[in-house]
Amino acid sequence: RMFHDDELEESEKFYVGQPRVLLLIYALYNTLVARSEMVCYFVIILNHMISASMITLVLPILIFLWAMLSVPRPSKRFWMTAIVYTEVAIVIKYFFQFGFFPWNKYVDYTKDKPYHPPNIIGIEKKEGYVHYDLVQLLALFFHRSILKCHGLWDEDEKGDSSSNKEDTDDELSLTGGRRDSSASLKSVNLAASVESIHVHFPEQQTAIRRKSSSSVSQLSHRSSFSSHRSKRGKCYESLIISHPAFLLFSASYGVLKSRCGLCHYRTLQVYVPIRQFFYNLIHPDYSAVTDVYVLMFLADTVDFIIIVFGFWAFGKHSAAADITSSLSEDQVPEAFLVMVLIQFGTMVVDRALYLKKTVMGKVIFQVILVFGIHFWMFFILPGVTERKFSQNTVAQLWYFVKCVYFGLSAYQIRCGYPTRVLGNFLTKSYNYVNLFLFQGFRLVPFLTELRAVMDWVWTDTTLSLSSWICVEDIYAHIFILKCWRESEKRYPQPRGQKKKKVVKYGMGGMIIILLICIVWFPLLFMSLIKSVAGITNKPLDVSITITLGGYQPIFTMSAQQSQLKDLNQTGFNAFLGSYRGNTAALQFLEGYGKEDITLADLEGNSNSLWTISPPSREKMIQGLLDFSAEFTVVLSWTIQRTLEKVYPYYIKAPSDSLAKPIKQLLTDCRWENITVSLVKNVSEEGVREWWVLNQLGKRYKTSEESLELFIFSDKVSPPSLGFLAGYGIMGLYASVVLVIGKFVREFFSGISHSIMFEELPNVDRILKLCTDIFLVRETGELELEEDLYAKLIFLYRSPETMIKWTREK
């Protein structure tokens, strides 16, 4: 035991003997240390989400376009930039907190204005203005300490000092080896002669992509720098920059001293390192190839879901609160439409770049998307929604998920696209999880078709679109069969043994219950939606209008607010007891509770004067005296002219607009009696007349003339399920049961026609043939792709060959 150390062994024993909670804390701390740069990124993004100002906007953009694109890690220059920038931001915010600035005198008035200049810049006066900046600075210093502990903080400086020993002070040096963010413009001596100004570029190497990324990703910057020093004389040569700006810059030394020449020089000092940084990113010496497209797609999908269920946060405050109510009214909100189209468009472009494997296009798309999203979210959206970004929770959630997408995109750019894209990501394993997820993926409307067409458009192939779709369908079918065959191998069924009851009752019983639920779903839904989840729809206004024979209305009255009373439990029980023995009435009352009944107390005196003309008055009197003629009395519906048993004491207010009297509760189907009298008032102003109505059979008797009316309000479905309940029972049967029944019938019928393609004992050879087609397509062997496709088609045309190919080995 050459390297045995007693102290280390004792330390390990002490560590293992600690409580589990303490070990968990140690593990969390080690995780924090290992991913300290992610903690810094998270705090910076969180600070920007809460502050949403131009001051905090700079660092998130630098994260996605500099730090996360640096190979193998962000340089010291970035971390120093972030630390210094945070310190300066803290000082600026502190300086502008003093009250002598004009905009700080009206803070309460301007704090919610999104386009107020101090709010946009981030220098407004507020409580806790610097809390998140201090947390951000603390996270940056913590990461700096971690890098110093591991000797990674001064690594770039050592490389620079070693390089400067050989390079003259008047050269613009670019570090070779593994190109990272430290490959930048070093120094230029303005007093040096123009002839000595050179830029050293490494000799362009052919980009090498390796499938094994472990060894390449662990290549340290120090070893790369040492290799560069040892091979410097052989592998590199000095090249004069051929850029037009450099030619103009090096035209004469006099121009260099002028203000215009100095401006060009300063511009080149910024432009050349940025250009070299992105050039090295697009043309790397080594590439730790990875594939995170699935994670990017999932992030975009989550953003898509956020837009669908929270689209109102991206539009005016007057927008509808949920998309279902807007669509039910045949209205498509503009904010929803624009957001959906933009999100879907970015997903399509991302898929195209992934299929074409173009890192340059992905870099350009990343830059455009980072600047575009930040400009839109923090400068355009607040004006549209008329509120600050920090007050828009849905927009903050959408932006955070989009930041996750930006981080994954940067990682994809830094590592490079995979050389081969074979099949669907759900078809990598043959288990139940992949099987059901893949079948769910294929059930999404138009998703499979859209993916197939996009793959055909952006993939080099000799197959036609129909042939491409044919291969995709065969591959999907064979994958499903492969999953079932693997499940049969894992759970074999011995010959001659009957199926277990667990399998029969588990699978068969579940299918039986499912089919029964589908058949009786409309009845159950319409019954439970109003009895269990129904909402009481009480009346807000009860109005009575009585018209005699089409003449001027003799009585108008309405009951509102305090005149609409609820029954208590005692009154409700007494009400039920009065109908004991009346089976029809009790059956009707079973569907109502005390909260569904409203007692309307209407004043007996009409609230309007009777302003009939004298000729019409005489004609109406003649009609009432003529008992042989018909004379109608209109009380919200047409009835006979007699006023006996005419008043509908109980009214049912259903979910639709037509209210009806409840005949089950009217004794012997007879209605209540009312008295109608004309009151005449003679005064100095003239003669005034109005009608007075009084109900004779009131349940709650009062001394004055009045009318009582019981309103039974049917429960209505909740707004979230109203669009489904609106179809009714027959509509649900036609739209749900019959459609689902069609798919179920296709599963149980027509099986005999697919036996040749379903009952395949071993599908490995067919699956390998499909995979070979994908492989030769990716390698550019298009003629071989045609041959393999023809072989696949012949296999499905020849039953005998299919039998030979699918035999068990």
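Mentor: In this predicted model, a residue is called buried under 20% relative accessible area, exposed over 50%, and partly exposed in between.

Trainee: What makes K357 count as partly exposed?

Mentor: The relative accessibility of K357 is 24%.

Trainee: What sets the phi of K357 apart?

Mentor: Phi of K357 is near 60°, a positive value in a residue other than glycine. Most residues other than glycine have a negative phi.

Trainee: Why is A52 called buried?

Mentor: A52 has 17% relative accessibility. Buried means under 20%, and A52 therefore counts as buried. A52 also has a positive phi, near 55°, and lies in the loop between α3 (36-51) and α4.

Trainee: How do you know that the span of helix α4 agrees with its number of residues?

Mentor: Helix α4 (residues 54-67) has 14 residues, which should span 20 Å at 1.5 Å a residue. The expected span is 1.5 Å times one less than the number of residues. The end C-alpha atoms of α4 are 19 Å apart, so the two values agree.

Trainee: Why is α4 described as mostly covered?

Mentor: Eleven of the 14 residues of α4 are buried, among them I55, L59, F64 and W66. Each buried residue falls under 20% relative accessible area, because that is the cut-off for the term.

Trainee: How does the reach of helix α5 compare with the expected value?

Mentor: Helix α5 (residues 76-95) has 20 residues and reaches 29 Å from its first C-alpha to its last, close to the 28 Å expected. Its buried residues include F78, W79, A82, I83, T86 and I90.

Trainee: What makes I516 partly exposed, and which surface patch includes this residue?

Mentor: I516 has a relative accessible area of 48%. Exposed requires over 50%, so I516 is partly exposed. Helix α24 (501-519) and helix α25 (521-531) each supply at least two residues of the patch, and α24 gives the most, with three.

Conventions
Residues are numbered from 1 along each chain as its sequence is written. This is a predicted model: local features need pLDDT of at least 70, side-chain atom pairs count only at pLDDT 80 or more; totals for chains, interfaces and linings use all residues. Side-chain values use heavy atoms; hydrogens and water are left out. Helices (H or I, at least four residues) and strands (E, at least two) are DSSP runs, numbered from the N terminus. Buried means under 20% relative accessible area, exposed over 50%, partly exposed in between (1.4 Å probe, protein chains only).
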